[in-house]
Amino acid sequence: MSQIEKILEAIRANPKNVDFLDLVKVCDHYFGKPRQKGTSHRVYKTPWQGDPRVNIQESKGKAKPYQVRQVLAALKKMEDENNG
């Protein structure tokens, strides 16, 4: 199991306590480098328009739980589109 898979498994198990840098690693892996990162937000490009959007920001070293859920929803959508 790769490092990204281990991080993703941990995120799915506990989406309320995710280190921001771990979420960045997952997003970079699946969505590429963010199109914006100079501000407090990191915005990732997705192959579809609209939601789920991938926009994350740090809060005291942690990722915001609602944004973690958005990332998980986006990964699920990507998985569904690739398997469909």
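Reader: Why does Lys-60 count as exposed?

Author: This is a predicted model, in which local features need pLDDT of at least 70, side-chain atom pairs count only at pLDDT 80 or more, and totals for chains, interfaces and linings use all residues. Residues are numbered from 1 along each chain as its sequence is written, and side-chain values use heavy atoms, with hydrogens and water left out. Buried means under 20% relative accessible area, exposed over 50%, and partly exposed in between (1.4 Å probe, protein chains only). Lys-60 has 85% relative accessibility and therefore counts as exposed.

Reader: Where is Lys-60, and what is its phi?

Author: Lys-60 lies in the loop between strand S2 (54-59) and strand S3 (62-63). Its phi is positive, about 55°, although Lys-60 is not a glycine. Strands (E, at least two residues) and helices (H or I, at least four) are DSSP runs, numbered from the N terminus.

Reader: Is Ser-59 buried, partly exposed or exposed?

Author: Ser-59, which is found in strand S2, has 32% relative accessibility and so counts as partly exposed. Its C-alpha atom is separated by 9.4 Å from that of Ser-40, 19 residues apart along the chain.

Reader: What makes Gln-67 count as buried?

Author: Gln-67, in helix H3 (residues 65-83), has a relative accessibility of 2%, so Gln-67 counts as buried. Leaving aside neighbours within four places in sequence, Gln-67 is in contact (heavy atoms within 4.5 Å) with Asn-55, Ile-56 and Gln-57.

Reader: Why are H1 and H2 called oblique?

Author: The axes of H1 (residues 3-13) and H2 (residues 20-31) come within 10 Å and cross at roughly 120°. Axes are lines fitted to C-alpha atoms, for helices over the stretch in contact, and angles run from 0 to 180 degrees between N-to-C directions. Under 35 degrees counts as roughly parallel, over 145 as roughly antiparallel, 65 to 115 as roughly perpendicular, and the rest as oblique. H1 and H2 are therefore oblique to each other.

Reader: Which residues of H1 and H2 meet?

Author: Gln-3, Ile-4, Ile-7, Leu-8 and Ile-11 in H1 meet Asp-22, Leu-23, Lys-25, Val-26, His-29 and Tyr-30 in H2. The residues of this contact divide into 7 nonpolar, 2 polar and 2 charged. Ala, Val, Leu, Ile, Met, Phe, Trp, Tyr, Cys and Pro count as nonpolar, Asp, Glu, Lys and Arg as charged, and the others, Gly among them, as polar.
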